[in-house]
Amino acid sequence: MTRRVLILAASAGAGHNRAAEALQAACAEYHPEVASQWADALKYTPRLFRRFYEQSYLWMANHAPTLYGLLYKFSGKKVRPRADRIVHAYDHLSYRRLVRFIDKCAPDVVVATHFLAPNVIIAHKGKRLPVYTVVTDYDVHPAWFNADVAGYFVPTEEVKVQLARMGIPETRIRVTGIPIHPVFSKPHGAARRALKLRDDLPVVLFMSGGFGVGDMGTAVERLTRIPRPYQLVV
């Protein structure tokens, strides 16, 4: 019987989706016997919620990063059990369309690159459907925490320590790094030649991210100050 893996992301920025895309591509390349697909979970939420979720993050990241930082820290404080129960009840009563989509896919396991899907699935299905979370941040906000997640894949040892302090057993946390598309592991001699890059020097690829958030000019300027010889592609 073919195993089915559903990978769920959320378009709060582009990184969560790209990580999901990378996981699906790697699964197809290295485990073709597994039926895999990825989807943006936000597409199966109410339109008003989806637009607010996507646009509020981008607006604050571009125009009010200090406000975003304050909200991040404030919402990261340990919530009281009553507030936690309210959030769980909301997840259980909402997101019906997302749950129907998951039921239609009938996966054997779900892998999530954003914290929305695990909370919704566990609120509706408990532990009947195993859910694994891939943390795609280098700092783990408590929103990522769910005691019933089957396992966590995290970018660094520091994030593993943070999750363990929140109460996740270390045996359920694996340090793997953030997923990247398998195309990046292949030789790119043709690309080097097209860009007229030397073969004897390392290449640094600088990308802004899907929405160009942040001061890219300053970041590139700092990269150009690196004293050792290298080639920069922006």
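**Aromatic pairs, cores and a surface patch**

With a relative accessible area of 24%, F153 is partly exposed. The model is a predicted one. Y132 is also partly exposed, at 29%.

F115 sits in the loop between β3 and α6, and W144 in the loop between β4 (131–134) and β5 (151–154), so the pair ties together parts 29 residues apart in sequence. W144 is buried, with a relative accessible area of 2%, whereas F115 is partly exposed at 22%. In the pair of Y132 and F153, the ring centres are 6.1 Å apart and the planes stand at 40°, so the pair is tilted. It links distant parts of the chain, with Y132 in strand β4 and F153 in strand β5, 21 residues apart.

The largest nonpolar core has 20 residues, and L6, L8, F101, I102, V110 and I121 touch the most other members. Two or more residues come from each of β1 (4–9), α5 (96–105), β3 (109–112) and α6 (116–125). The most come from α5, which gives five. Beyond its neighbours within four places in sequence, L8 has contacts that include A39, F101, V110 and I121. Another core, of 11 residues, lies apart from this one and includes I122, V149, Y152 and I173.

On the surface, I180, V183, F184, L205 and M207 form a nonpolar patch with about 520 Å² of accessible area together. I180 is placed in the loop between β6 (173–175) and α8 (189–194). Its relative accessibility is 62%, so I180 counts as exposed.

Definitions and conventions. Residues numbered from 1 in each chain as written. Predicted model: local features only at pLDDT ≥ 70, side-chain atom pairs only at ≥ 80, totals over all residues. Heavy atoms only, no water. Patch = residues over 30% accessible without salt bridge, like charges linked within 9 Å, V, L, I, M, F, W, Y side chains within 5 Å. Areas by Shrake-Rupley, 256 points an atom, 1.4 Å probe, with all protein chains shown as cover. Salt bridge = Lys/Arg side-chain N within 4 Å of Asp/Glu carboxyl O. Helix = DSSP H or I, 4+ residues; strand = E, 2+ residues; numbered from the N terminus. Buried < 20%, exposed > 50% of the residue type's maximum accessible area, 1.4 Å probe, protein only. Core = buried A, V, L, I, M, F, W, Y, C linked by side-chain atoms within 4.5 Å. Contact = heavy atoms within 4.5 Å. Phe/Tyr/Trp six-rings, centres within 6.5 Å; stacked < 30°, edge-to-face > 60°.
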